[in-house]
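Please read them with the structure open.

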Amino acid sequence: MSAQLPADHETTVVTTLEAFADTIIPGAKRSGQDRAVAGASPTGGAVAAGAMELIRWDATGISQSLDDYARALNDHAREHAGQHGLGLDGDVPPFVALSFEQRTDLVRVLTAPGHPDKSLWVLLSLFCYMAYDSAAHTSTAAALAAGHPGLTSMRLARPGADGLWRFSSWSYGRQLADLHPRTTDTGSPE
Amino acid sequence: MNSVERTDVLVVGTGFGGAITAYHLAAGGARVVMLERGPWLTADEYDHDFKLGSSYTRIFDFTVGDGMSVLGGNCVGGGSVVYFAAMPRAPRFVFERRGSVNRRMWPSSIDRDTLDPWYDRVAESIAITRQGWEDVSYSGGLWAAACRHAGRTANPVPAAVDTAACTNCNWMMAGCRFDAKQSLLLNYLPAALAHGARIRPLHEVQSIAKSPDGGYRVHYQLVDAEDYRITAGEGSIDAKVVVLAAGAAATPVILQRSAAALGPMPHAVGRYFSGNGERLNTAVLNEERVREVLGLELDPAAFQIGKGPTVANWDRLDGSLPEYTRFSLEQLYFPPGLGTILAMPGGRDPRWFGLSKKEMLSHWQKWLIIFQMIEDDNEGVFGPPPARGNADRLSQQMLGLGTLSYKPTLNTQAAWAMADAECKDILERDGLATVTPWTNDLVGAYTVHPLASCRIGDDPRTSALDDRHELRGHPGIFVTDGSAVPAALTVNPAMTISALAERAVPAIVRAARERGVEVAYGAPAPDGSTSGRRGTAPLVPALGG
């Protein structure tokens, strides 16, 4: 995403991809004017978790493809709307103009087995997930300290003072089943 | 020509198959060079961090294929650094499997009895703990209790973990910060180095050709230490003997690429791949029912303790049952980032994304993941090799697109369905949990134990290697990694891969001697122990030693 691109193009790309990320892990609207995030969930989703930050990072390998992703999503959204007789308002990109349910239907089509571009959409989805379930764009300890919505919701434990994790209690500490009768003396199956 | 480096034995890969053979050859007197495509990290470099670029992504490779994706190690020490260190021996019936070829797939010279002395050698070299119930994680304990409630047995799994040093840190897959996991960095590899072997990290082998002196010339590219998509130079090393142990998702690709220079490869190179029949199920536990039915409390933090498969159910590992109906079920921790996307919510909206999935993620601390290992049908086939390595690398580390195609047969699908039903029967009984299998619709099936893509056997039509691991038609090239294992094992394969590598050494030594290398067979275990050597001594002459 080069700096000389027009601001409206930048906005189109960002809001379109945010709407995609929000379809994968839905979140709460950031403001009353937020169109990209549909507001289907009361807590932060993939967008609030940092999906845009992650997919813009060249380490992912998709940062150079974001324009293409957004263009393709909006093309598919126009086609989807046409097929289903859906009206799209012109204030926002076509994919953003879809309702949450309509976005969901479209993403289901794009990622279904047999779709020719399935692997590309699964890849984009994977990074949306990684932003939410592992905060892959930032250090885990820092993400937890900052109240990262995904790690917080999943209740990932916090590290110790040295930044490392340790669990001092880990086991019920008692036999909870009978061993298989043909276990060998090395502890392996016979 | 004079500038090409020479060595006696060139070993490709530093995981189990590479480290074990390199140690014995170096200890026996051969000059050994090991080429490893991944980085060389020490314990203090194993980060507790999911950020891209941390050790978690530097030492793993996730290769997406058509119908099968493979997660494997990518570092000095290979899979031993990233695995959960489960080290069971394969059950007796596995060696009698007939599979899709409808004849015994293993060489007639190998069964459990003849492999046990080699298993013993490994057990003497890598400290394996027969875990007690006090070592079993909360999630393993709960799996055991659920098995008992359903009338099943459950076993703590033997593991290469020093339980006294283990802090239960939850980052086992990112490399062990505390040297509790007994990876190859603590036994075979330092012993190989002490005997003069050299390890070159970030050297990705691309192909093998003939050298002018009748040996082999191995071509490699140097991989950038941070961005694996970038290479910075290339080179070659001449060797009299080559040991390929790049992993079952990479070894056949190197051989495919080498066919142009070496001549045709055996038909089975890049065919008969097995994902070890692996598949995952997620159980979301019902806290109240667990308390009422099993009498166990769920500590919110407890289920994210990442000690690997601490408890397994082996009731279906019964040789009297028909093939494709035998499997094991292990409790497994699976960290976020590498598979959470594939878990499926139950109920009316079973989708891998969206609102119900987000709801499922909010219960992540109550996820109990069950790992199935069934008997698959060796249906994986590799397509033409990519430009370099074994995948078109997409991300700077970890993620690439490979050429493996895997279309599960009805046998495999039925076996997975049977194992799914068993998981449900055990864990949904009396409302303990809601159980769903991971979807195969996104990246295909998912294996962490690739096998059989260049396998040993007696039949040249269906095996790339003879029973001494030598590549058919290409004397002096040996394969000793998971690709040599003929078929799915129904248990974690590291112990079997290691035992086979130990067993392969006498023939490799003989091949080196035949080519003028002054090397002897018979090194003790890396720490000097000798009882394993005594146990295998009667078997060595038949193997060429």
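1. In chain B, helix H1 (residues 16–27) packs on helix H11 (residues 494–514) at an angle of about 40°, with the axes 8 Å apart. Helices here (H or I, at least four residues) and strands (E, at least two) are DSSP runs, numbered from the N terminus. Axes are lines fitted to C-alpha atoms, for helices over the stretch in contact, and angles run from 0 to 180 degrees between N-to-C directions. H1(B) and H11(B) are therefore oblique to each other; angles under 35 degrees count as roughly parallel, over 145 as roughly antiparallel, 65 to 115 as roughly perpendicular and the rest as oblique. The crossing of H1(B) and H11(B) is right-handed, where right-handed means that the near helix is turned clockwise from the far one by less than a right angle, and left-handed that it is turned anticlockwise.

2. The H1(B) side of that contact includes Phe16(B), Ile20(B) and Leu25(B), and the H11(B) side includes Ile497(B), Ala501(B) and Val505(B). Contact means that the C-beta atoms of two residues, placed from the backbone, lie within 7 Å. The residues of the contact of H1(B) with H11(B) comprise eleven nonpolar, four polar and one charged. In this scheme Ala, Val, Leu, Ile, Met, Phe, Trp, Tyr, Cys and Pro are nonpolar, Asp, Glu, Lys and Arg are charged, and the others, Gly among them, are polar.

3. A note on the source. The model is predicted: local features need pLDDT of at least 70, side-chain atom pairs count only at pLDDT 80 or more, and totals for chains, interfaces and linings use all residues. Residues are numbered from 1 along each chain as its sequence is written, while chains are lettered from A and ligands numbered from 1 in the order in which they are written.

4. H11(B) also packs against H4(B), at an angle of about 100° and with the axes 8 Å apart. H4(B) and H11(B) are therefore roughly perpendicular to each other. Leu115(B), Trp118(B), Tyr119(B), Arg121(B) and Val122(B) of H4(B) meet Met495(B), Ser498(B), Ala499(B), Glu502(B) and Arg503(B) of H11(B). This contact of H4(B) with H11(B) has six nonpolar, one polar and three charged residues.

5. The axes of H5(B) (residues 138–149) and H8(B) (residues 287–294) come within 11 Å and cross at roughly 60°. That makes H5(B) oblique to H8(B), and their crossing is left-handed. Leu142(B), Ala145(B), Ala146(B) and His149(B) of H5(B) touch Val290(B), Val293(B) and Leu294(B) of H8(B). Six of these residues are nonpolar, one is polar and none is charged.

6. What does each chain give to the contact between chains A and B? Chain B supplies 61 residues and chain A supplies 53. On the chain B side, H5 and helix H9 (355–361) each supply at least two residues. The largest share of that side, six residues, comes from H5(B). By class, the side of chain B that touches chain A has 32 nonpolar, 17 polar and twelve charged residues.

7. Gly337(B) sits in the loop between strand E12 (328–332) and H9 of chain B. Gly337(B) counts as buried because it has 24 C-beta neighbours inside 10 Å; a residue is buried with 20 or more other C-beta atoms within 10 Å of its own, exposed with 12 or fewer, and partly exposed in between, the C-beta atoms being placed from the backbone. Beyond its neighbours within four places in sequence, Gly337(B) is in contact with Met130(A), Asp133(A), Ser134(A), Ala136(A) and Phe50(B).

8. Two phi values deserve a look. Most residues other than glycine have a negative phi. Asp430(B), in the loop between helix H10 (410–427) and strand E17 (433–437) of chain B, has a positive phi near 55°. With 15 C-beta neighbours inside 10 Å, Asp430(B) counts as partly exposed. Ala452(B) has a positive phi of about 75° and lies in the loop between strand E18 (445–447) and strand E19 (477–479) of chain B. Is Ala452(B) buried or exposed? With 32 C-beta neighbours inside 10 Å, Ala452(B) counts as buried.
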